[in-house]
Amino acid sequence: MGRLSITELLLILGVALLLFGAGRISDIGKGLGEGIRNFKKGLKDEDQPPPKQLPKKEDEGGEKSTS
């Protein structure tokens, strides 16, 4: 079991084209690309510290709002 040759890759691509159709394959590729992009963005965002939150304002009566 080694690497796939170009003939085998073309055969797999042809079968996928027959099963899903050209439009569906482009949708799958688009979704896969967006998923990878979001995954990378999530990893990048995880490395950054969370933004500082401002303290909640108090009402005029001196009680904190419950909403």
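Q: What should I know about the numbering and the model?
A: Residues are numbered from 1 along each chain as its sequence is written, and side-chain values use heavy atoms, with hydrogens and water left out. In this predicted model, local features need pLDDT of at least 70 and side-chain atom pairs count only at pLDDT 80 or more, while totals for chains, interfaces and linings use all residues.

Q: How many helices and strands are there?
A: Helices (H or I, at least four residues) and strands (E, at least two) are DSSP runs, numbered from the N terminus. Here the protein has two helices and zero strands.

Q: What span should H1 have?
A: The expected span is 1.5 Å times one less than the number of residues. For the 15 residues of H1 that gives 21 Å, and the end C-alpha atoms are 21 Å apart, which agrees. Just after H1, glycine 21 takes a positive phi of about 90°.

Q: Is leucine 17 buried, partly exposed or exposed?
A: Buried means under 20% relative accessible area, exposed over 50%, and partly exposed in between (1.4 Å probe, protein chains only). Leucine 17, in helix H1, is partly exposed because its relative accessibility is 44%.

Q: Why does H1 lie largely in the open?
A: Of its 15 residues, the number buried is zero, so H1 lies largely in the open. Across the protein, buried residues make up 0% of the 67 residues.

Q: Where does leucine 4 lie?
A: Leucine 4 lies in the segment before helix H1 (6-20). Leucine 4 counts as exposed because its relative accessible area is 52%.
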